Amino acid sequence: MHGLDSTRIPPSPRDSMGGGKAGSRLGSVARKVEAFFVVYREHVAWVHALMFLCFLALLAVPPFLPDPPENATPISHFTEFANYVMWGVWFPLVFLSVIFTGRSWCGLLCPMGAASEWANRRGLKRAIPRWISWQGTPIVSFLIVTILGQTVGVRDHPEAIAEVFGGTMAAAILIGYVYGRNKRAWCRHMCPIGLLLGVFSRLGAVQFVPKNKTAGGDVCTEKGLCPTMIDLKRKEESRHCIECFRCVAPEARGGLFLRLRRPGEEVEAIRRHHPNPAEVWFLFLGTGVALGGFLWLTLPLYERLRQTLGEWFLDQGWYWIGTSGPGWLMAVYPERREVFMWLDFLMIVGFMLACMVVLTALLALTTVAAAWLSEKIGGDLDLRKRFVELGYQYAPVAMVSLVIGLGGEMFEILRFAGLDGTGIGYVKGGFFGVGLLWSVFLGYRILARQSVPASRRWLPLGPGVLGSLLVAALWWPAIFAS
Ligand code: SF4
Ligand code: SF4
């Protein structure tokens with residue numbers, strides 16, 4: 001095992017961290033999981049290869065098939081099947097799985113990350129430039145992919161799925177081929193999905209903990225065996241860990257061990273887990289842009305704005321607004337009766353960005369208010385640090401928003417259990433309610449860490465509750481749209 005001391009040591013400290021019988025049981029489960037993956041981790045490459053082939057089939061086959069008839073189902077037509085797998089299974093389940101198994105998707109299943117690393121082993125191994133390691137890079141990458149997905153119609157057209165996901169795969173391989181030395185620069189710095197999974201993995205039940213921790217907090221280092229460049233001895237946060245198990249050697253004195261924990265624990269004590277302002281801003285921006293991606297399809301206001309803007313352009317004599325642009329930038333499918341014009345393109349991009357700015361401003365305002373009130377009644381730290389800590393309270397509500405809003409097809413399976421649209425709406429509403437309550441609970445626990453007395457904690461908690469309710473209200477059409 002690279003660089004790990006293989007001297008035998010007493011049982012790992014994970015038992016004492018769990019506390020009591022439950023902690024000991026979790027410790028025992030964690031040891032079994034570790035033992036399994038340490039034995040089989042070399043074979044994970046076969047899983048990656050299989051996933052790569054499945055991924056290719058889902059992306060590359062549907063564009064060459066005839067369009068499905070009106071009454072086609074995922075069982076009767078492969079294009080419908082591929083669409084359902086992407087949006088009804090893969091998308092929601094990857095996000096939900098983070099709560100139970102952390103970023104296991106990334107380390108064990110994702111063909112994109114694996115292909116990037118595979119290319120890296122054969123590639124140029126150039127130093128990772130600053131434009132890649134800049135904290136804003138994955139945010140920009142997320143915004144581009146999310147907005148492009150809407151303008152090309154990624155949910156409706158197989159060609160668009162192939163473009164967006166195939167393009168992301170190609171970028172992952174290219175970045176892997178050129179940059180980094182036996183590392184996953186793409187996964188650490190650029191992947192739009194990885195950033196989301198990283199934030200939500202802080203809520204998850206899985207953590208890899210150094211056996212011998214060095215103080216000083218997380219840093220990114222290209223030395224060492226971690227593919228996502230975590231300085232293993234200083235690891236505090238979960239977000240970059242893709243659960244590859246390479247740093248785990250149960251019999252060794254060094255390395256990391258797997259610890260199972262109560263979901264939400266890391267966010268409650270976020271000050272001990274390397275809180276990051278860029279991550280909080282991303283949480284706000286990502287929630288806003290995803291909301292915009294849903295609302296433009298449902299809000300009558302969007303149509304009115306489109307009409308007004310279109311007329312204004314025509315009044316100016318700018319007739320190009322009524323023509324369509326290139327197919328890689330917008331949906332141009334006359335045979336399916338969907339042709340976007342430049343007007344649609346500008347409207348979708350502008351509307352999504354506007355939703356992003358508005359929601360980000362509202363969530364930031366509520367968080368500033370909470371941080372300010374916290375200080376007034378005894379909260380510690382400075383305003384900026386309290387802001388960052390309290391920003392994390394929105395993680396659960398942001399996650400359920402994304403799952404319901406963009407992965408709503410998952411709930412359609414409940415029709416087989418006899419539920420109609422209203423019943424499914426109630427299930428989604430209940431699910432959303434859990435996320436909302438969890439957000440409020442996290443806010444309460446974060447305030448406790450800020451030494452805000454319990455008797456007055458409701459005061460700074462109020463803006464957080466307001467922010468979560470706001471997100472819920474904005475996603476309301478998605479919850480009951482069936
Ligand atoms: S970070 Fe992105 S590319 Fe890397 S393994 Fe995770 S989802 Fe896949
Ligand atoms: S911390 Fe360990 S398990 Fe996590 S990505 Fe790095 S090497 Fe893999």
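The legends below describe close-up views of a predicted model.

**View 1. Helix H3 and its buried side.** Helix H3 runs over residues 44-60, and its 17 residues reach 24 Å from the first C-alpha to the last, close to the 24 Å expected at 1.5 Å a residue. The buried residues of this helix are Val44, His48, Phe55, Leu58 and Leu59, and they lie on the same side of H3 because they cover an arc of only 90 degrees around the axis. On the face turned away from that buried side, H3 carries the exposed residues Trp46, Leu50 and Leu53. The partners against which the buried residues of H3 pack are helix H2 (20-40), helix H4 (78-101), helix H5 (104-109), helix H6 (111-122) and helix H9 (158-178).

**View 2. The crossing of H3 and H6.** The axes of these two helices come within 9 Å and cross at roughly 115 degrees, and the crossing of H3 and H6 is left-handed. Where the two helices meet, His48, Met51, Phe52 and Phe55 in H3 are in contact with Pro111, Ala114 and Ala115 in H6.

**View 3. Phe165 and the largest nonpolar core.** The largest nonpolar core has 116 residues, and those with the most contacts inside it are Phe165, Phe200 and Phe432. Helix H15, residues 342-376, gives the most to this core, with 14 residues. Leaving aside residues up to four places away in sequence, Phe165 touches Phe55, Leu59, Met86, Trp87, Trp90 and Val154; of these, Phe55 and Leu59 are also among the buried residues of H3.

**View 4. Gln207 in strand S1.** Glutamine 207 has its place in strand S1, which comprises residues 206-210. With a relative accessible area of 8%, Gln207 counts as buried, because the cut-off for that term is under 20%. When residues up to four places away in sequence are not counted, Gln207 touches Ser238, Phe257, Leu258, Arg259, Arg261 and His273.

View 5. Helix H16 covers residues 383-391, and its buried residues are Arg386, Phe387, Val388, Glu389, Leu390 and Gly391.

Terms used:
Residues are numbered from 1 along each chain as its sequence is written. Chains are lettered from A and ligands numbered from 1 in the order in which they are written. This is a predicted model: local features need pLDDT of at least 70, side-chain atom pairs count only at pLDDT 80 or more; totals for chains, interfaces and linings use all residues. Side-chain values use heavy atoms; hydrogens and water are left out. Helices (H or I, at least four residues) and strands (E, at least two) are DSSP runs, numbered from the N terminus. The expected span of a helix is 1.5 Å times one less than its number of residues. Buried means under 20% relative accessible area, exposed over 50%, partly exposed in between (1.4 Å probe, protein chains only). The arc is that of the directions from the helix axis to the C-beta atoms. Contact means heavy atoms within 4.5 Å. A nonpolar core is a set of buried Ala, Val, Leu, Ile, Met, Phe, Trp, Tyr and Cys residues joined through side-chain atoms within 4.5 Å. Axes are lines fitted to C-alpha atoms, for helices over the stretch in contact, and angles run from 0 to 180 degrees between N-to-C directions. A crossing is left-handed if the near helix is turned anticlockwise from the far one by less than a right angle, and right-handed if clockwise.
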